[in-house]
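Reader: I would like a close look at a single part of this model, taken slowly and with the terms spelled out.

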Amino acid sequence: MIPDAISTAVATASGWAYWVKWWFAPFGEYTSPYFTGLHKLLPEPFFHTQAFLAFCLVVLAAYWAIPRKWQLTRIWLLVVASFHFYAAWSQELAFLVTTTTLVDYLLGRGLDASRRRRVRQFLLFASVGMNIGILCYFKYRGFFLNELNASLRDLGYDPGYATLDIKSIIVPFGISFYTFEAISYAVDVYRRKIGAERSLPRFLLFILFFPHLVSGPIVRAPDFLRQTRRPKRWNWVRVQVGVQMFLMGAFKKLAIADRMAVFCDPVFKEPDQYGTGACWLAVVAYALRIYCDFSGYSDMAVGAAHLFGYKLTANFNMPYLAANVSDFWRRWHISLSTWLRDYLYIPLGGSRGTKLQADRNQMLTMLLGGLWHGAAWSYLLWGGVHGLLLVLHKHFRDWARERPRLDGALRSPAGTVLRVFLTFAAVSLCWVLFQPSIGKALALYARLFSFADGVKFLPLHHRSLWYTAAFVLICHLIVSRGLWQRAYARVPAPVLGVGYAACLCAALVLAPDGGGSFIYFDF
Amino acid sequence: MNVKLALPKWLPATARPAARPGRRDRRRKAVRSLAAGVVATAALFVGLGVAAERSLYVRDPAYADKEVRLRRLEAAAPPGAVRVVALGTSRTGYGFHGLRVGDALNADLGRPAAAFNFGVPASGPVTHLLYLRRLLDAGHTPDLLFVEILPPSLAALPEGPREQLFLNGERLRRDEAETAVGYGFDADKTRGSWRRSVLNPWSTLRFALVGRVAPSFLPWQFRQDWGRNVDAAGWCTPLNPDLSPARREKAFAQAKIEYEGLLQTMTVAGGRPDAALRDLLTLTRERGIPVRLLLMPESDAFRGMYAPAVAARLDGYLAGVCREFGCGLVDARPWLPADLFTDGHHMVKAGAEAFSDRLTREVIAPFFRPAAAP
């Protein structure tokens with residue numbers, strides 16, 4: 001009975017998968033010379049490349065050349081440019097994203113128009129089901145089917161299907177991001193929080209806008225669609241902000257994240273080959289790398305959007321200055337954590353109910369948040385550990401509040417520094433799990449908590465790591481104390497301009513090699 | 001517990017925001033700062049591009065750092081001192097102990113002497129020719145020039161000289177890049193690399209620049225500050241003098257991977273490296289610089305990698321070149337035992353001393369002795 005039920009479930013899932021494959025097959029099989037040429041011009045949708053810079057400048061020139069009163073033409077231009085930006089990497093997946101966006105648009109219109117509860121529920125289910133289904137098909141099917149296969153074999157059953165080669169499955173860039181945007185839109189329309197967007201180009205732009213398409217920030221429909229209605233004027237202040245954020249993001253990515261990758265990547269790949277000291281350095285380097293990689297990308301995305309007159313959600317707020325894990329999640333990947341809060345944690349019951357129920361909701365939210373990052377046990381465990389830390393912190397906070405002396409000590413400057421350090425250490429140790437292989441993560445933990453010699457040396461002198469860490473810390477302190485904002489207002493314009501040029505040159509000079517992909521592009 | 005961050009008091013407190021400037025002021029400041037940014041970026045790019053084309057100190061640290069030392073050594077030497085330069089690869093870099101050679105020559109000849117090690121890793125005949133031209137242009141004319149022959153670098157390969165893997169266009173001036181292309185370097189790659197070094201110098205020359213300011217910021221494979229870690233006469237102290245047999249074996253295995261294939265099959269005559277070597281010897285003949293071709297020491301195991309046919313071809317080729325150009329050949333390959341190498345062909349300190357002493361005694365000093373003069 002059990003294998004029959006499982007086989008039926010797998011067959012159903014496979015049926016869905018085959019349907020998706022069949023539907024999009026013509027796009028995949030037909031490789032147009034146009035898209036092939038496009039791919040040569042813009043091989044990957046990375047922001048820190050000269051190809052992207054050229055693409056962005058061309059689109060920018062065309063966008064602002066269109067008269068202001070032709071706002072819809074400008075929007076169409078951005079939609080077409082965004083489609084090409086994605087299609088240059090993969091034409092079939094660009095068609096997939098566009099098609100699902102069109103379906104979401106139609107379902108949204110239907111949700112808005114219908115007054116019957118059953119119909120609205122069905123439409124909501126259809127929209128969420130389609131988005132989650134496609135996400136599962138591309139991102140999770142390999143993981144789930146392989147785990148199921150292994151479990152059935154362990155129990156002595158024949159699964160009736162072969163394991164999948166996960167590495168051969170191409171996951172569309174940004175699928176987790178735009179799926180969440182589409183789901184939040186459908187839910188908001190269902191809740192009558194917003195009306196369905198009537199303009200197709202505006203809705204397409206909401207999902208496809210190239211600065212946030214591949215790696216967020218996860219934008220909310222009310223914030224973004226409102227902006228599409230305002231006619232855009234060329235604004236020098238906004239352009240300055242955009243350029244500044246783009247440069248800052250490029251510096252974080254090239255000069256810090258890629259540099260730190262030189263430290264941590266070899267160690268995370270082969271932890272058994274390195275000594276305990278090298279492993280600890282790699283953990284610190286990875287913490288810096290992932291922050292500068294993702295926040296650098298987000299800064300570039302926000303900066304690029306500013307150049308077109310759009311404001312995206314801020315995604316980071318100096319997360320490594322967080323004094324506890326709750327604070328960390330208010331500062332890290334803000335657009336995701338607020339999404340999870342609004343569309344998962346609160347619908348699950350949030351902090352209402354008993355303490356146990358609140359803890360359960362917290363754990364479930366973080367487990368799913370972990371799974372969102374990747375289809376592997378390690379990501380699930382990463383989310384679980386963070387959930388556990390959040391629950392523990394909540395209980396400790398309540399316990400400490402009843403002890404004024406302890407509470408006072410923890411709030412003192414020394415106590416705060418200690419809390420920041422402990423939070424950073426806990427978060428950094430959790431990052432070890434933030435990789436597809438749980439075996440390698442456990443091997444790295446084993447090295448960290450033993451005294452082992454290595455047979456390989458770090459490829460970079462550790463001085464580079466400490467200088468970078470000190471630089472990041474100083475920058476955090478300067479910004480958090482408002483010194484940067486004060487200086488920014490007072491620094492003469494030419495000095496600021498020279499600063500931009502210096503920032504660009506420093507980013508180029510300190511880039512260790514050709515520059516890699518962004519970590520969050522894998523999600 | 002309140003999660004609001006309370007930072008230490010010693011940090012300056014958050015300032016009260018200054019009066020917000022008006023819209024026009026903000027606009028003016030934005031325009032000015034962006035314009036200044038564009039001008040400064042252009043100035044920085046053009047400035048470095050021009051500097052790179054004019055100064056090898058920016059473009060090719062491997063050469064320039066050694067050239068600076070050579071100039072200092074020559075300036076410090078009294079007038080009439082004999083000047084010996086050894087142009088070669090990392091084998092020469094680790095093996096030719098210039099200060100020791102200079103002292104020994106001084107004692108032997110009773111004349112002041114300055115010997116300099118111009119060994120640069122991963123070089124070959126094309127690099128040596130270009131470096132010699134630069135040295136001559138800079139006014140360095142040695143009384144005796146050693147040119148190391150690294151046999152694999154002479155291989156006539158269909159894709160061009162092997163050294164093009166290391167001598168990128170960004171290390172060359174425009175005319176040098178064209179010369180390299182003439183000797184079989186990949187034209188698109190070499191010219192493209194040179195072009196990028198002019199148009200986008202901050203990215204293309206970043207390893208050279210960082211290596212100059214903060215070498216430890218670079219992974220070892222990208223470091224170009226080889227010439228900085230050498231003594232006053234250009235000799236590079238081996239990094240790890242105490243090698244265990246296991247490490248030595250591992251290093252030799254790596255050398256084997258790198259060279260064995262070539263040493264089993266390579267041909268020399270008619271290749272582009274051969275043409276470069278001949279042009280180098282022609283240049284020295286025109287300038288009247290005495291030359292000795294030098295085959296650096298190799299361990300027995302390393303020499304075992306040569307196929308007999310390759311060894312015979314190489315010997316015949318070198319004999320022919322020496323005959324044609326009237327230069328001597330010093331075959332130092334069997335001079336040292338295996339334990340004086342790190343990997344079968346790079347010497348440890350004791351090896352460098354033994355080799356330099358013997359080279360001075362048997363080749364350099366006799367060359368300068370009055371009795372040896374024609």
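Which residue is the bridge partner of Leu294(B) in strand 5 of chain B?

Author: This is a predicted model, in which local features need pLDDT of at least 70 and side-chain atom pairs count only at pLDDT 80 or more, whereas totals for chains, interfaces and linings use all residues. Residues are numbered from 1 along each chain as its sequence is written, and chains are lettered from A and ligands numbered from 1 in the order in which they are written.

The bridge partner of Leu294(B) in strand 5 of chain B is Val330(B). Strand 4 of chain B, residues 291–295, pairs with strand 5 of chain B in the parallel sense over four bridges; two strands count as paired if DSSP finds at least two bridges between them, and strands (E, at least two residues) and helices (H or I, at least four) are DSSP runs numbered from the N terminus. In general, the strands of a sheet pair through backbone hydrogen bonds, either parallel or antiparallel.

This pair belongs to an open sheet of five strands in chain B, with the order 2-1-3-4-5 and parallel pairing. Strand 2 (113–119) and strand 5 (328–331) of chain B stand at the edges, and because each has a single partner strand, one side of each is left without a neighbour in the sheet. From one strand to the next the twist averages 20°, where axes are lines fitted to C-alpha atoms, for helices over the stretch in contact, and angles run from 0 to 180 degrees between N-to-C directions. Helix 5 of chain B, residues 98–109, packs on the sheet, touching strand 1 (82–88) and strand 2 of chain B, and the direction of helix 5 makes about 155° with that of strand 2.

As for the chain around this sheet, chain B has 15 helices and five strands, and its C-alpha trace spans about 90 × 50 × 50 Å along the principal axes. Of the 374 residues in chain B, 43% are buried, a residue being buried if 20 or more other C-beta atoms, placed from the backbone, lie within 10 Å of its own. Among the contacts in chain B with a separation of 6 or more, 79% are between residues 24 or more positions apart, a contact requiring C-beta atoms, placed from the backbone, within 7 Å. Chain B also meets chain A, with 36 residues of chain B in contact with 46 residues of chain A.

Key:
Two residues are in contact if their C-beta atoms, placed from the backbone, lie within 7 Å. A residue is buried if 20 or more other C-beta atoms lie within 10 Å of its own, exposed if 12 or fewer, and partly exposed in between; C-beta atoms are placed from the backbone.
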